Amino acid sequence: MLKIAILGASGYTGLELLRILANHPSAEVVKATSRQYKGQGIGAAFPFLKGYYGNLCFSDPAQYKSTRADVVFCALPHGASQEVVPEILDSSAKVIDLSADFRLTDENTYTEWYGVHKAPELLEKAVYGLPELNR
């Protein structure tokens with residue numbers, strides 16, 4: 001069973017992940033962060049998820065450093081993943097970033113389109129998860 005953490009779990013993509021993973025036979029969501037809903041139960045905040053996550057509550061996003069998970073999904077606003085991904089990778093967890101922060105592998109191209117990257121050393125290592133491009 002893979003232990004999953006979702007950073008930014010109450011946004012659009014985070015909620016979609018919670019919905020998809022609710023019935024996944026090999027995944028257990030162990031942490032879901034949200035600034036807006038921290039401390040609230042997932043099912044209480046979002047009734048369509050009631051009964052799927054037991055007593056799991058949204059935690060403060062700052063607690064990502066204490067996350068012990070096999071896979072961490074970053075469903076964060078643009079620019080935010082750049083700040084947390086290096087530390088998460090140090091914990092040996094796999095990271096799946098749903099923003100554009102690691103979409104491009106060339107720092108100059110990233111700078112041209114999005115501005116300065118805070119973790120440019122990771123750009124070349126990142127894989128854009130589009131099967132049509134990276135089978």
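Predicted model: local features only at pLDDT ≥ 70, side-chain atom pairs only at ≥ 80, totals over all residues.
Mentor: A salt bridge is a side-chain nitrogen of Lys or Arg within 4 Å of a carboxyl oxygen of Asp or Glu.

Trainee: How many salt bridges does a search of the whole structure find?

Mentor: The search finds 4, and one of them joins Lys 3 to Glu 28, with 3.5 Å between the closest N and O atoms. Lys 3 lies in strand 1 and Glu 28 in strand 2, so this pair ties together parts that are 25 residues apart in sequence. Another salt bridge links Lys 38 with Asp 60, whose closest N and O atoms are 3.3 Å apart. Because Lys 38 sits in the loop between strand 2 and helix 2, while Asp 60 sits in the loop between strand 3 and strand 4, the pair ties together parts that are 22 residues apart in sequence.

Trainee: Turning to the nonpolar side chains, which residues have the most contacts inside the largest nonpolar core?

Mentor: In soluble globular proteins, nonpolar side chains tend to be buried together. In this model the largest nonpolar core has 20 residues, and Ile 6, Leu 18 and Phe 58 have the most contacts inside it. Several elements supply at least two residues each, among them strand 1, strand 2 and strand 4, while helix 1 gives the most, with 4 residues. Apart from this core lies another, of 17 residues, including Val 72, Ala 119, Leu 122 and Ala 126.

Trainee: And on the surface, which residues gather in a patch of negative charge?

Mentor: The patch is formed by Asp 106, Glu 107, Glu 121 and Glu 124. Take Glu 124 as an example, which is found in the segment after helix 4.

Trainee: Is Glu 124 buried or exposed?

Mentor: Since exposed means over 50% relative accessible area, Glu 124, with a value of 72%, counts as exposed.

Conventions
Residues numbered from 1 in each chain as written. Heavy atoms only, no water. Core = buried A, V, L, I, M, F, W, Y, C linked by side-chain atoms within 4.5 Å. Buried < 20%, exposed > 50% of the residue type's maximum accessible area, 1.4 Å probe, protein only. Patch = residues over 30% accessible without salt bridge, like charges linked within 9 Å, V, L, I, M, F, W, Y side chains within 5 Å. Areas by Shrake-Rupley, 256 points an atom, 1.4 Å probe, with all protein chains shown as cover. Lys, Arg positive; Asp, Glu negative; His and termini not counted. Charge placed at Lys NZ, Arg CZ, Asp CG, Glu CD.
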